[in-house]
Every structure is written in structure tokens, then in C-alpha cells.
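Please open the structure in your viewer and keep the selection tool at hand. The stops below are to be visited in order.

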Amino acid sequence: IFIEGYFPFLIEEVLPRIGIKVVYLTDDEVRLKRKWKRDIDYRKKYDLNYFRNRYFKEQFIMAQVAYLPQMETCDLLVDTSGAALWATPEIQRILSEG
């Protein structure tokens, strides 16, 4: 079972039921393009100034509230911006047995 979303590891009742917790980080440029396509192109929801202000204002807040706590509890961290992969010792063992 895969759970995808912004805050799945922050729901205390769900956390122990998740076998392998993966956090996937992307570059700011990629995230901005994805949000643009969703909010501007598909939803036709925001004007440009609102979109730009909201995106840049909320990045630091979201990192503190959601992303950093999830990174602390995850088993596998995929960082595409630095082409890096971090895994807990248990996950490293599972992957090496592969």
C-alpha cells in the first residue's frame, strides 16, 4: 500500500502502520513548475502576483512545519537536487539483500 501526500508521516495514528517511509525532495525550480501547472494552468486559480508571493512566502514555513519533521522520521530520503540517497541501516540491509 502506498500513501502519497504532503503530511502522511505527521499523522500519529498512521505512522506506525507505514512500513517504509520515503521522502522525495525536488529542486525549487521543479516544484515551482509543478505548482504553476497545477494552480495557474489547470485550476486557473491565482493571479501571477498572488502565486509568486504565496510560493516564496510559504516555502520556509512549510519546511519547518512539515518537511523537516517528516525527514526526521523517514526511512529513505531521495534528494534529486543533490543526486543523493539516504537510508536507515535497516533499509540499507533490505536493499542490499535485494
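This is a predicted model: local features need pLDDT of at least 70, side-chain atom pairs count only at pLDDT 80 or more; totals for chains, interfaces and linings use all residues.

Residues are numbered from 1 along each chain as its sequence is written, and side-chain values use heavy atoms, with hydrogens and water left out.

**Stop 1: the largest pocket**

Select Glu 4, Gly 5, Val 22, Val 23 and Tyr 24, which are the closest to the centre of the largest pocket among its 28 lining residues. A pocket is an open set of points on a 1 Å grid over the protein atoms alone, where a 1.4 Å probe fits, with protein on both sides within 12 Å along at least five of seven lines; lining residues have an atom within 4 Å of a point. The space in this pocket is about 930 Å³, a volume being the space filled by probe spheres set on the points, which are joined across faces, edges and corners.

Next, colour strand E1 (22-25), helix H1 (28-42) and helix H2 (48-73), each of which supplies at least two residues of this lining. Helices (H or I, at least four residues) and strands (E, at least two) are DSSP runs, numbered from the N terminus. Which element gives the most to the lining of the largest pocket? It is H2, with seven residues.

**Stop 2: the second largest pocket**

Now select the residues that line the second largest pocket, including Tyr 6, Phe 7, Lys 35, Phe 51 and Tyr 67. The volume of the second largest pocket is about 210 Å³. H2 again gives the most to the lining, with seven residues.

**Stop 3: salt bridges**

The whole structure holds seven salt bridges, each a side-chain nitrogen of Lys or Arg within 4 Å of a carboxyl oxygen of Asp or Glu. Select Arg 31 and Asp 28, whose closest N and O atoms are 2.5 Å apart. The two are three residues apart in helix H1, so about one helical turn separates them. Arg 31 counts as buried, at 18% relative accessibility; buried means under 20% relative accessible area, exposed over 50%, and partly exposed in between (1.4 Å probe, protein chains only).

Finally, move to helix H3 (residues 89-97) and select Arg 93. Its side chain meets that of Glu 90 in a salt bridge (2.5 Å, N to O) and that of Glu 97 in another (2.6 Å, N to O). Arg 93 is partly exposed at 38%, whereas Glu 97 is exposed at 56%.
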